[in-house]
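Have a go at each task before reading its solution.

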Amino acid sequence: MSRVAVLKGGRSLERQVSLTSGARVEDALERLGHEVAGIDVGADLVARLGELAPDAAFVALHGRDGEDGTVQELLEALDVPYTGSGVAACVRCWDKVLAKHLLRDAGIPTPDFHAFSETAFRELGAAQALPAIERQLTFPLVVKPAAQGSALGIKFARTAADVPTALVSAFSYDRKVLLERYVPGRDLAVSILERDGEPEPLPIVEAVPNEKHFYDFEARYEIGRTRFVCPAELPDAVAEEARSLALATYRALGCGGFARVDLMLHEDGERLFVLEANVVPGLTETSLLPQAAEAAGISFDALVERVVAGALARSAA
Ligand SMILES: Nc1ncnc2c1ncn2[C@@H]1O[C@H](COP(=O)(O)OP(=O)(O)O)[C@@H](O)[C@H]1O
Ligand SMILES: [Mg+2]
């Protein structure tokens, strides 16, 4: 039996989801016989960890602080072993631009892109480069903030007239934005879970839009407009390629414990593109990683046990 602190909540945009993930993880850890303390992460985090002196921390924080390496850095400083990816991998995955450069360098397909900071527009006249970028990426194109976790900041620009508003929207979430080639096709997610330190891909989940509004791209991502199919119905060769790209992504970005890799399968049915990797994927009833684990015959408790085992192994080392 170990003492495990579950870090949840926090101040990010994904606070509510994190509270749900965290509560579920706490229940599972209790059923597994651990001594559990939930911490709603705030200004007393360091003090709470000092009092509790846990054997490990389960990071169930999504978004800022929990996925960008901030909390991990604190846990390193306090010498508390923790679940999931280390600081460097969090930094790489949180910044979609950095992640995409690393993927491209590793030969892993990711949609073509150009990324700019606010200063490029404010001080270097980047707006004048937009026509060249639009010619390269073609329409529709995707505009998104570099920092992940806020599908809210993502806009699909159908024409050049849509780009300035899309940029303003993305810049309201981050100082760096990404203009990306649009990949028409199917939305896939491959979760990775380690077993004794070896990452294994779980069955693929497909997000299927309920209604086919061709021009209404945003509608696809609204709650209730999407249903999830797991395992995704794919030809074996495509499924195999998606799993191997997800594994390559996990390794190239240096992830640990578990992660979820989001991909697009082009409507040609063959080409796959990696969009991003999430280091603290959702763990709620409806989240993709637990669904994928379930499809692989791994119960939620078994999933939590495997993730926490990774952290406890580090504490024993
Ligand atoms: N280049 C793209 N082509 C087509 N769809 C995209 C593209 N980028 C993002 N999307 C859609 O938007 C969703 C969210 O994008 P993603 O890059 O995973 O950001 P996040 O999940 O962090 O908000 C994807 O799952 C996909 O449905
Ligand atoms: Mg995503």
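Buried means under 20% relative accessible area, exposed means over 50%, and partly exposed is in between, using a 1.4 Å probe and the protein chains only. This is a predicted model, where local features need pLDDT of at least 70, side-chain atom pairs count only at pLDDT 80 or more, and totals for chains, interfaces and linings use all residues. Residues are numbered from 1 along each chain as its sequence is written, chains are lettered from A and ligands numbered from 1 in the order in which they are written, and side-chain values use heavy atoms, with hydrogens and water left out.

**Exercise 1. Is Glu67 buried or exposed?**

Step 1: find Glu67 in the loop between strand 3 (56-59) and helix 3. Helices (H or I, at least four residues) and strands (E, at least two) are DSSP runs, numbered from the N terminus.

Step 2: check the accessibility. Glu67 counts as buried because its relative accessibility is 2%.

Step 3: look across to Cys93. Glu67 and Cys93 are 26 residues apart along the chain, and their C-alpha atoms are separated by 8.1 Å.

**Exercise 2. Which residues are the protein donors of the magnesium ion (ligand 2)?**

Step 1: apply the cut-off. Donors are N, O and S atoms within 2.8 Å of the metal (3.2 Å for Na, K and Ca), and since water is not among the atoms, sites may look incomplete.

Step 2: Asp262 (OD) and Glu276 (OE) are the protein donors, at 1.9 to 2.1 Å from the ion.

Step 3: Asp262, at 13% relative accessibility, counts as buried, and so does Glu276, at 12%.

**Exercise 3. Which residues of helix 2 (residues 45-52) are buried, and why do they lie on the same side?**

Step 1: pick out the buried residues of helix 2, namely Leu45, Leu49 and Leu52.

Step 2: take the arc, which is that of the directions from the helix axis to the C-beta atoms. These residues cover an arc of only 70° around the axis, so they sit on the same side of helix 2. As a reminder, an α-helix has 3.6 residues a turn, so residues three or four places apart point the same way.

Step 3: turn to the opposite face. Gly50 and Glu51 are the exposed residues on the face turned away from the buried side of helix 2.

Step 4: step off the end. Ala53 lies in the loop between helix 2 and strand 3 and is partly exposed, with a relative accessible area of 48%.

**Exercise 4. What does the stretch around the end of helix 7 (residues 130-137) hold?**

Step 1: start with Gln136, which is in helix 7 and is partly exposed, at 44% relative accessible area.

Step 2: find its contacts. Leaving out residues up to four places away in sequence, Gln136 touches His114 and Arg181.

Step 3: move to Thr138, in the loop between helix 7 and strand 5. Thr138 has a positive phi near 60° without being a glycine, and at 37% relative accessibility Thr138 counts as partly exposed.

Step 4: look at the peptide bond between Phe139 and Pro140, which is cis, with omega about -5°. Pro140 is in the loop between helix 7 and strand 5 (141-145).

Step 5: compare Cys230 and Pro231, which are also joined by a cis peptide bond, with omega about -5°. Pro231 is in the loop between strand 11 (226-229) and helix 9 (236-252).

**Exercise 5. Where does helix 10 (residues 288-295) bury its residues?**

Step 1: read off the buried positions, which are Leu288, Leu289, Pro290, Ala292 and Ala293.

Step 2: go past the helix to Gly297, which follows helix 10 and has a positive phi, near 80°.

Conventions: Contact means heavy atoms within 4.5 Å.
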